[in-house]
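Here is a quick briefing to keep beside you while you turn the model around.

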Amino acid sequence: MSARFGVGIDIGSTCAKTVVVDQGGNVIWRDLRPTGWSSVDTAEAIRRDLPPEITGNARCVATGYGRVSAPFADRCVTEITCHAKGAAALFGLCDLNVIDIGGQDTKLIVLQDGAVSEFAMNDKCSAGTGRFLEVMANTLAVTPAGLCDMAARGAPTRISALCTVFAESEVVGLIGRGTPRENIAWGVVDSVAQKVKTQAGKLRLGPGPLCLTGGLCDFPFVLRRLEAAFGRPVRTAPEARFAGALGAALFALR
Amino acid sequence: MADYIQMWKDLGMDLESHDMLCQVLPTAVGDVFMTQQNRPKAMDFWDLVISEVHGIRPAELIEAQKAGRKVFGTFCVFVPDEIVIALNGIVTGLCGGSQFWVPGGEAVLPKNTCPLIKASVGARLGRTCPFFRIADVYVGETTCDGKKKAYEILGQDVPMIIMDVPQMKRPKDILKWKDEIAEFAAKAEAITGNALTVENLKAAIRTVNEKRRAMARVYDARKSLNLPISGRDALLMTQISFFDDPVRCAQMCNRLADELEQRIKDGVSVAKPGDKRILITGTPLAVPNWKLHNIVETSGAVVVCEEMCTGTRYFENLVDDSGETLDDLFMALAERYMKNNCACFTPNPGRIEDIIRLARAYHADGVIDCSLKFCGLYDIEKRTVSEALRAEGIPVLSLETDYEDSDAGQLRTRIEAFVEMLNG
């Protein structure tokens, strides 16, 4: 017997996202909170905060790097498969190329006919991820959102170091030379886009459009630099940072 | 467990450091092997050997040395064991598969050297590998830049023979490799004090061919859709075969193959219904490197074949023993060894053909192409491999890793996602 609700919990390195869908696949509840230092505690807090009328009649799928920290989940599915499923639902497409820029990893997923045909993830290095942007924002004493706003007003600037640690020294060097913060911010965002483009070189992209999911999808300038790097439009959707959780919730219904 | 302390002391090993290594190995063996259900009984031999991997075989080698036999330590499947065996010498593998030895290697080598080389150098310089201590001579080969330079460090206080492996596979390269084998034979004669004859070389060729046939029987059993042995167990068998006496190795592999063939008849399988069958290709997995197999086999999949030096390349292709002169036999050896499709060759279409052929023969659902970090040859070849497999409609996942456990979570995510992808 299938449950009335599907609960999807995506425990990422930075944020934990939760989506509840009804049997029609409609989103009826959503939650976003920092993962903090304990993904076990965060998962447990989410479970407690779910409305009782849902928990009594739901199946739950956990995903994200902290997926094993939610012992109450009925099963775990990797973030690759969940993001693909969620993005397909969000964008209403069976063919698409998902770029998910997460807190500690960046994923590229090719979906063809509704199924994952290929994927790539960055290695241990944090260049091209949300973490890179966060570290650079700290160096410039702004929030990641502030950095992206500032970048939109900046002029082209190159940050060539691939490693976050070296790139930070490079940024400090630029600050020392009096480079405007806006220009440095431009370079930071562009560096993320370039790194993602390089990563895509390992894949054969499918015929569908490029779609951005993950925490950076609310920043228009990130989208613009990605479009410039790929030389083609990149779509996003207002709820795209919930793509993984939505995919997990949809899997929970099955 | 027998007491090998005195033996290790006599070998001049660093006992304190070696103790730390001995303490972690049983846990690793327990976690990787003993947690498996329904293992073939014949694995008891390899369980015993691995439980005393620095004891049982080293003690045999020392006894053989007392009887005047010489021990040749080798790093690579290009070194023709037949020459050494014909001269009543013994071939053994050397240590290089554990993170334990990597910091010792990093003390003298650049950090961006592959972990296999760093671990080998660390094991040698740290005096924590009995095989390195026992060997009368090391035999290296020019299969990569890192090894070529590492030999200059490893060969400082032990005789070192280096065989110059060609970089291409033209007819003249095979002739060149034949000359290298002849030159190696002359050096090995000097070391052992024995003379190579057509008779003893033919006998050695037959001995090693028997070992290859026996290993191939075990691998053939893995082609069955009713999988009678896990990838972890098969890998352990292959890893230990580099260290064992070739005749006993053949006996034990045949004994295992008998059981596996019976299991297939009886419908005994180690795989769960729905488990995906994976072929692994790439850089060698030296003992005790079981990380990749362990993650794959605990992620809803089973490893059915290894297209690598610690896999099919070690036993595929027999040596023709019909030659009537040493020159004939050297040529037969050269031809067999040059069939090895290592990424050190350019171009290397044979490896692609092997992967596709093996993926089909072993009914693999997907291929994982995994190289050790900083192995440029295999890393660069990944693109050619993945494009060829895509064209054949065989799903492939490319990975890079080292001996550390710190990336186990990331590897698991990729491998689980790959398995989910194969499940559609």
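Which residue in β3(A) is the bridge partner of A:V21? In β3(A), that partner is A:V27.

A word on ground rules before the details. This is a predicted model, in which local features need pLDDT of at least 70 and side-chain atom pairs count only at pLDDT 80 or more, while totals for chains, interfaces and linings use all residues. Residues are numbered from 1 along each chain as its sequence is written, and chains are lettered from A and ligands numbered from 1 in the order in which they are written.

**Confidence**

- Chain B has an average pLDDT of 97, and 100% of its residues score at least 70; pLDDT is the predictor's confidence in each residue, from 0 to 100.
- For the complex, the predictor gives an ipTM of 0.91 and a pTM of 0.94.

**The sheet in chain A**

- Chain A has an open sheet of five strands, ordered β3-β2-β1-β4-β5, with mixed pairing. Strands here are DSSP runs of E with at least two residues, helices are runs of H or I with at least four, and both are numbered from the N terminus; two strands pair if DSSP finds at least two bridges between them.
- The edges belong to β3 (27–34) and β5 (75–76) of chain A, each with a single partner strand, so one side of each has no neighbour in the sheet.
- β1 (residues 5–11) and β4 (residues 58–63) of chain A run parallel and are joined by six bridges.
- β2(A) and β3(A) run antiparallel, with seven bridges between them.

- Helix α9 (residues 243–253) of chain A lies across β1, β2, β3 and β4 of chain A and runs at about 145° to β1(A). Axes are lines fitted to C-alpha atoms, for helices over the stretch in contact, and angles run from 0 to 180 degrees between N-to-C directions.
- Elsewhere in chain A, helices α4 (residues 130–139) and α5 (residues 144–152) pack at an angle of about 80°, their axes 8 Å apart. That angle makes α4(A) roughly perpendicular to α5(A); under 35 degrees counts as roughly parallel, over 145 as roughly antiparallel, 65 to 115 as roughly perpendicular and the rest as oblique.
- On the α4(A) side the contact uses A:L133, A:E134, A:M136 and A:A137, and on the α5(A) side A:P144, A:G146 and A:L147. Residues are in contact if their C-beta atoms, placed from the backbone, lie within 7 Å.
- By class, that contact of α4(A) with α5(A) has five nonpolar, one polar and one charged residues. Ala, Val, Leu, Ile, Met, Phe, Trp, Tyr, Cys and Pro count as nonpolar, Asp, Glu, Lys and Arg as charged, and the others, Gly among them, as polar.

**Inside chain B**

- Chain B has an open sheet of four strands in the order β2-β1-β3-β4, paired in parallel. β2 (90–93) and β4 (160–163) of chain B are at the edges with a single partner strand each, so one side of each is left without a neighbour in the sheet.
- β1 (residues 71–74) and β3 (residues 137–141) of chain B pair in the parallel sense over three bridges, and B:F72 has B:V137 as its bridge partner in β3(B).
- Helices α10 (residues 171–192) and α16 (residues 326–337) of chain B pack at about 120° with axes 8 Å apart, which means that α10(B) is oblique to α16(B).
- The residues of this α10(B)–α16(B) contact divide into nine nonpolar, no polar and two charged.

**Backbone spots to check in chain B**

- The B:V287 to B:P288 peptide bond is cis, with omega near 5°; B:P288 sits in the loop between β5 (276–282) and α14 (291–296) of chain B.
- The B:T346 to B:P347 bond is cis as well, with omega near -15°, and B:P347 is in the loop between α16 and α17 (349–361) of chain B.
- B:R127 has a positive phi, near 55°, in a residue other than glycine.

**Where the chains meet**

- 12 residues of chain B are in contact with 13 residues of chain A.
- Helix α19 (residues 408–423) of chain B supplies the largest share of chain B's side, eight residues.
- That side of chain B has two nonpolar, four polar and six charged residues.

Conventions. Contact = placed C-beta atoms within 7 Å.
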